[in-house]
Amino acid sequence: MLDLTAWIETRLDSDDALTDDVQLLIVAALEGDAALADVANYQPPARQRALENDAQPEPSGAFLKQIRVQGFRGIGEQAQLDFRPTPGLTVIAGRNGSGKSSFAEALEFALLGTTARWQERRGAAWDGAWRNLHDGDPASIEVTLTEEHVGQTKIGVAWEAEAARDAHTTFLQRPGQKREAGLASLGWDAPLATYRPLLTYDELGAILTSEPSKLYDKLANVLGLEQLAGAVKRLEAHAKQLSLPEKEATDRKRSAVGALESIADDDERAQAARAALRKRDPDLASLRAIATGVSESTDRSGDPLHAVLGLHLPSSGEVNEAVARLRTATEQAAIVGDDASTALELRVNLLTTALKLHDHDGDSPCPVCAVGRVDGEWAALARSEIDGAEVKVANLRAATDSLRRARTDAERLVQAVPSAFDHLDVGELGDLAALAREAWTEWATLPASHLDLADHLTTRHPDVALALAELQRAAKQVADARDDEWVAAATRLSAYVEAQERWNAQKVDAASAKHAVKWLKDHDSVLKNERLAPIAVQAKEIWSYLRQESNVEISKLKLDSTNTRRHVVIEASVDDTDAAGLTVLSQGELHALALALFLPRATLPESPFRFVVLDDPVQAMDPAKVDGLVRVLGRIAETRQVIVFSHDDRFAAAVRRAHLNAQILEVTRESGSRVRVDVAFDPPQRYLRDAAALVRDDEVPDDVLRKVLPGLLRFAVEAQARDRYFTEALSTGTPHADIETTWTDTKKTSQRISLALYGEVRSLDGWIDKRSHYRKAGVGVATSAAHSQLNGDPRNALEAVGRIVEDIRNGVR
């Protein structure tokens, strides 16, 4: 089965409606939180282009080699089960109470730290019943595995004397390495949950009768659908996170609009902001300028309040100084005016003109009176008079200029009545503005007299200054309140702008994330059931073997889930009539169907477990279903190590009848909880038994006996050689595929014996010579005679080959 990510990628590639960004998001979400969180820098691994029906390499796997138990459950003294760590079927047979299930529970506890039985049956009685009654101290479990590329690995569990069940220590020991506490380095926590290679009788009954979600979760886990569900949740959270600025921007805008509505309509800043926010796509740069006070709309010169606050009157010192200058200039002008007048200035002008006439015409009658004469004597007197008068005229001009400047300076202190007063007509401001306007009007009405002006400035200035100060104090309070409102609104406006900018920056990414979520959800059911299809096909095929004479047909398996419900839909029919699912199944059929659902999951190529362990799977099955189960397990045993614990003699008998690569171990319990394990049946012994029966049968013609017997004896030798070679090679960590290839490529029986004894092909001459009295004859029978016929005594041939088989079994060189 393809990795889920690669499997989904093939579907992403075929969907032209998806952008590259959406595809990348989906792949990153499938990989995990870190990849999705940094999706901008995420580089997906090279895509796996293999098709689902292409052969996928299996991961390195492990076989079971031995279970050794002491003081645990029904086993007192140390006892052990030895397995062939190769594909094949091993049956652990024994009556109830023989101790066989104690081996199964010991394996389960060593791998999982608990057992299904203890999880289902809680209480003091079960918590204390794990230690053997006869020989419970010390208590220990040791499981030996053969790991490909590693070799022989031991898992150990030990309890100190009187320790509670859960007060145990667990260790892992790999060849050439230090013993480790715990099993973490195996990396089996997730695979044990996903591919669980153990199925107890309690679990078998619960697969279909417990909560529907449990079977769904088991299948979802093995199909990688938890990864799919995790990707959906991850993407939903990612999309939600990316969309947070949208909600924030909406909330911030609503808040800003609300704050602006409370500001007076005459506030130009609020007017501009409200107008911008009414647009479908507000100009964020303009709004930021308004909020920060750099926009033209924030020029407040036209605001009556701020216009009033900007008004200025001369200070009392400035008024007093101007009044003093005006009074002084007026007094000086009056003093100078007593010595000089305009008439004097006119007389000087007249005398000056007459002198100019004298200088031009000489002595002549007076042009004014025509009586006197304008002559030299007169000219001298006139010049003397002019000199004296000009000094007085100059003083008069200087005093007049000083007075004019003093008045101008005084008048400059007074400005016209400001128009801002006319716009403040609300409440207290209106009353104070009227008083200020009246005082200012009186202040601005200037008398003509210089001294009256000085008195006017002195008397009116305090009144207008007081009126303006009162008005500005009230106006400042109003302005401050409005500014506080504006600061709050501007803060909210700035927050909106920032949130909207964040949303604008993430809008495209958020849309892609939402699209990715929608694609996964829209394809959820299709993806799940396409993923389930191979297992469903295999489960129905297994059911076809197990159903035997049952008229119940399983037509469909389907995963169905909503946000609150998860279950596996099993559609059945009886005699081609649709039935209500599991309700039509007997208890034996329920067990058979449970096995049909369990075995495909436990034997997926991706599983690191090359073993499958079943404890009492045939209870409630009729004989036909038992035979069907043997055929099913025989097929699985071609590539997996299948171990079945059973007290039902029907199963062992069915295995004996079938021509399978099978071994039967018999477990018996003696007094004091002593447990013994014996090999009751295995392929080499079966061939030897068949050969012995053939030799004893007097009805078999001699020529037939001599042709058939060597073949059976050869099968016995090669079966034993294969078991030995595979067991030893796997124990060194050699991959099973490599072992299988070597065995297949080694064609001769003698070479296969060499592989079993030495791990390589070499001459057997030395080995044969050590015990030539039976090895030479036995090897000859199993090699050359198998291709022609037996020449010697059949009984001697049977005995010689039997001893060779025993030598190979024990590795006697």
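In the predicted model, the buried residues of helix α1 are L4, T5, A6, W7, I8, E9 and L12. Helix α1 comprises residues 4–13, and because seven of its ten residues are buried, the helix is largely enclosed by the rest of the structure. The cover over these buried positions includes α2 (20–31), α10 (225–261), α18 (450–522) and α19 (524–547).

One of the helices that cover α1, α10, also contains A239. With a relative accessible area of 7%, A239 falls under the 20% limit and is therefore classed as buried. When neighbours within four places in sequence are set aside, A239 is in contact with A513, K514 and V517. A separation of 18 Å was computed between the C-alpha atoms of A239 and D524, two positions that lie 285 residues apart along the chain.

At the level of the whole protein chain, the secondary structure consists of 30 helices and 17 strands. The radius of gyration of the chain is 57 Å, whereas the globule rule gives 28 Å for 813 residues; the computed value is well over that figure, so the chain is more spread out than a compact globule. Along the principal axes, the C-alpha trace spans about 205 × 60 × 60 Å.

The domain assignment divides the protein chain into four entries, two of which are each made up of two segments. The C-alpha centres of domain 1 and domain 3 are 140 Å apart.

Of its 813 residues, 47% count as buried. Among contacts between residues at least 6 apart in sequence, 70% join residues at least 24 apart. The pairing of A239 in α10 with A513, K514 and V517 gives a local view of contacts between separate parts of the sequence.

The chain carries 98 positive and 125 negative side chains. The centres of these two sets of charges lie 9 Å apart.

Methods
Residues numbered from 1 in each chain as written. Predicted model: local features only at pLDDT ≥ 70, side-chain atom pairs only at ≥ 80, totals over all residues. Heavy atoms only, no water. Domains from an automatic or database assignment. Helix = DSSP H or I, 4+ residues; strand = E, 2+ residues; numbered from the N terminus. Rg over C-alpha atoms; globule rule 2.2 N^0.38 Å. Buried < 20%, exposed > 50% of the residue type's maximum accessible area, 1.4 Å probe, protein only. Contact = heavy atoms within 4.5 Å. Lys, Arg positive; Asp, Glu negative; His and termini not counted. Charge placed at Lys NZ, Arg CZ, Asp CG, Glu CD.
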